[in-house]
Every structure is written in structure tokens, then in C-alpha cells.
Amino acid sequence: MTEIATRLTQVRQQIIQACQQAKRAPQSVTLLAVSKTKSASLIQQAIDAGQRDFGENYVQEAVEKIQLLAHNTDLTWHFIGPIQTNKTRLIAENFSWVHSVDREKVAKRLNEQRDPNITPLNVCLQVNISDETSKSGVNPDELLALADFISNCNQLRLRGVMAIPEKTDNIETCLQQFNALQNLFKTLQQHYPDVDTLSMGMSGDMKQAITCGSTMVRIGTAIFGQRN
Ligand SMILES: *Cc1c(COP(=O)(O)O)cnc(C)c1O
């Protein structure tokens with residue numbers, strides 16, 4: 001077994017355990033392997049170990065790897081990084097999901113640039129739940145307005161919300177922010193019943209995220225090791 005296969009097995013085990021403790025079905029959580037800065041050959045090792053969903057943050061780097069790995073069937077690529085407007089076309093053309101939509105201008109461009117002959121682009125709205133002014137993400141009080149805009153975009157499919165909590169060692173703060181996002185997710189579901197994705201939890205806080213209802217954890221370091 002490669003080191004990556006071993007780590008993937010451990011992460012899958014941890015997800016199952018966290019689900020059992022939270023009395024949730026293990027299949028209710030999708031593992032997104034975050035492969036930013038990691039080479040196509042390392043990603044191939046994860047693919048060979050059965051991983052199919054991958055998250056990337058840097059458009060150019062991602063598109064190169066997507067092309068190199070295109071011979072693998074059934075891969076699903078998720079864009080999870082901050083979005084510059086001049087990169088929306090490459091995102092619309094190369095990804096199945098984007099988790100980091102936080103403004104209308106970006107949504108409008110993605111909608112116009114997504115080929116209407118393929119499946120719509122799955123969209124999660126990134127929410128600023130930690131109220132740090134520097135962070136990207138829509139403010140919670142503007143979430144429904146942005147969701148309304150997206151729901152009128154034919155080439156986009158609203159799937160849910162995503163957030164990155166404030167970096168902290170305080171578990172209570174982390175849980176508080178995850179609960180806040182879960183509440184926003186439930187509110188969004190009441191308006192848009194097709195919404196099914198609560199994208200939260202990374203290598204350091206996966207367990208807490210699953211406790212708070214996460215349906216998709218975004219795991220980089222625990223699978224691929226430290227990034228330079
Ligand atoms: C890098 C990144 C991750 C993965 O973080 P790890 O701590 O390495 O698991 C998850 N989500 C986003 C948005 C990221 O940028």
C-alpha cells in the first residue's frame with residue numbers, strides 16, 4: 001500500500017467513527033481530498049486507492065492536473081479557493097463543483113461561461129461565519145439574496161454552503177461557528193429543498209464538523225501530508 005492509500009484508509013475510518021458517535025450514517029459524509037500543491041502522480045495514488053472527489057484552490061495548477069489525469073473515469077473536481085473574476089471561465093469549463101461563490105458578479109460570469117450542453121455547475125456559497133473582515137465569504141445576512149440570484153441562473157445548481165472557521169485551538173469557538181453554518185444551511189434548505197451540501201471540516205476539525213452535520217469534509221494534510 002502507498003503512504004497515501006494508508007492515510008486515506010485512516011481518514012475514512014475517522015469519518016466512520018465520527019459518524020457513529022454523532023449517530024449519523026457514514027455514507028452521509030462525502031470525503032473531498034484537497035490536492036492543492038500536490039503532484040498529479042500523488043493524486044493518481046489517491047485515485048488508485050478509490051478516491052474520486054478532489055478539491056483544488058489554484059485554477060491554473062488545477063487545470064494542468066485535471067488534463068493530466070483525464071484518463072481516469074468518474075473523477076469529480078471541486079474548486080474551493082478564492083475566485084478572481086478573470087478565472088471564472090476556466091472554472092466553468094473544468095470543474096463540476098465550486099464551493100467558494102460569494103458574490104453575484106462571480107455567479108453571473110460562471111453562469112454565462114458554463115456550457116449549456118453539459119450538466120450545470122454545482123455551487124456552494126461560501127459564508128463568512130467568523131466575522132473576520134479580511135476573510136472571503138458572503139455575510140450571513142446577505143446569503144438568501146445571493147441564493148435567490150443563483151437560483152435564477154440556469155447553468156448553476158445551488159447545492160449548499162461552505163465555510164472556513166477562524167483559526168483557533170478553542171473547540172468551543174469552532175463548534176459555535178460550525179453550528180452557525182449548520183443553521184444557515186437549514187434556513188437555505190427551507191427556501192430551496194434541493195440544497196443538500198454542508199461543506200465544512202478540514203484535517204484539524206473534521207470530527208467537530210461531522211458532529212455539527214457536515215455532509216462534505218475537505219481534507220488535505222491528513223491525506224497528502226504537509227504542504228510547502
Ligand atoms: C487547503 C484547504 C483545505 C484543506 O485543509 P487541510 O487542513 O490541509 O485539510 C480545505 N478547505 C479549503 C478551502 C482549503 O483551502
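## Helix α7

In this predicted model, helix α7 buries a set of its residues: Thr173, Cys174, Gln177, Phe178, Leu181, Gln182, Leu184, Phe185 and Leu188. Their cover includes two helices, α6 (143-151) and α8 (206-211). It also includes the strands β6 (156-162) and β7 (197-199).

Helix α7 runs over residues 171-191, which is 21 residues. Asn170 caps the N-terminal end of α7. One of its side-chain oxygens sits 2.8 Å from the backbone nitrogen of Glu172.

## Phe185

Phe185 is part of helix α7. Its relative accessibility is 7%, and buried means under 20%, so Phe185 counts as buried. Which residues does Phe185 contact, leaving aside its neighbours within four places in sequence? They are Val161, Val195, Asp196, Thr197 and Leu198.

Gln14 and Phe185 are 171 residues apart in sequence. In space, their C-alpha atoms are 24 Å apart.

## Ligand site

The residues around the ligand are Val34, Lys36, Asn57, Ile80, Ile164, Met202, Ser203, Arg218, Ile219, Gly220, Thr221 and Arg227. For Lys36, a side-chain N or O atom is 2.7 Å from an oxygen atom of the ligand. For Ser203, a polar side-chain atom is 2.5 Å from a ligand oxygen. For Thr221, a side-chain N or O atom is 2.5 Å from an oxygen of the ligand. Taken alone, the ligand exposes 390 Å², and the protein buries 90% of that.

Asn57, one of the surrounding residues, is in the loop between β2 (53-56) and α3 (59-68). Its relative accessible area is 14%, so Asn57 is buried. Leaving aside its neighbours within four places in sequence, Asn57 touches Val34, Lys36, Phe79, Ile80 and Gly81.

## Positive phi in two loops

Most residues other than glycine have a negative phi, and most peptide bonds are trans. Thr37 has a positive phi of about 70°, although it is not a glycine. Thr37 lies in the loop between β1 (30-34) and α2 (40-48). With a relative accessible area of 41%, Thr37 is partly exposed.

Asp74 also has a positive phi, near 65°, and is a residue other than glycine. Its loop connects α3 and β3 (76-79). Is Asp74 buried or exposed? At 62% relative accessibility, Asp74 counts as exposed.

## Whole chain

The protein has nine helices and eight strands. Its C-alpha trace spans about 45 × 40 × 30 Å along the principal axes. For 228 residues, a compact globule would have a radius of gyration near 17 Å. The protein has 17 Å, so the two agree.

Of the 228 residues, 52% count as buried. Among contacts with a separation of 6 or more, 58% join residues 24 or more positions apart. The protein exposes about 11200 Å². Carbon and sulfur atoms supply 46% of that area.

Conventions. Residues numbered from 1 in each chain as written. Predicted model: local features only at pLDDT ≥ 70, side-chain atom pairs only at ≥ 80, totals over all residues. Heavy atoms only, no water. Helix = DSSP H or I, 4+ residues; strand = E, 2+ residues; numbered from the N terminus. Expected span 1.5 Å × (residues − 1). Buried < 20%, exposed > 50% of the residue type's maximum accessible area, 1.4 Å probe, protein only. Contact = heavy atoms within 4.5 Å. Polar contact = N/O pair within 3.5 Å; in protein donor to acceptor, adjacent residues only side chain to side chain. Rg over C-alpha atoms; globule rule 2.2 N^0.38 Å. Areas by Shrake-Rupley, 256 points an atom, 1.4 Å probe, with all protein chains shown as cover. Near = heavy atom within 4 Å.
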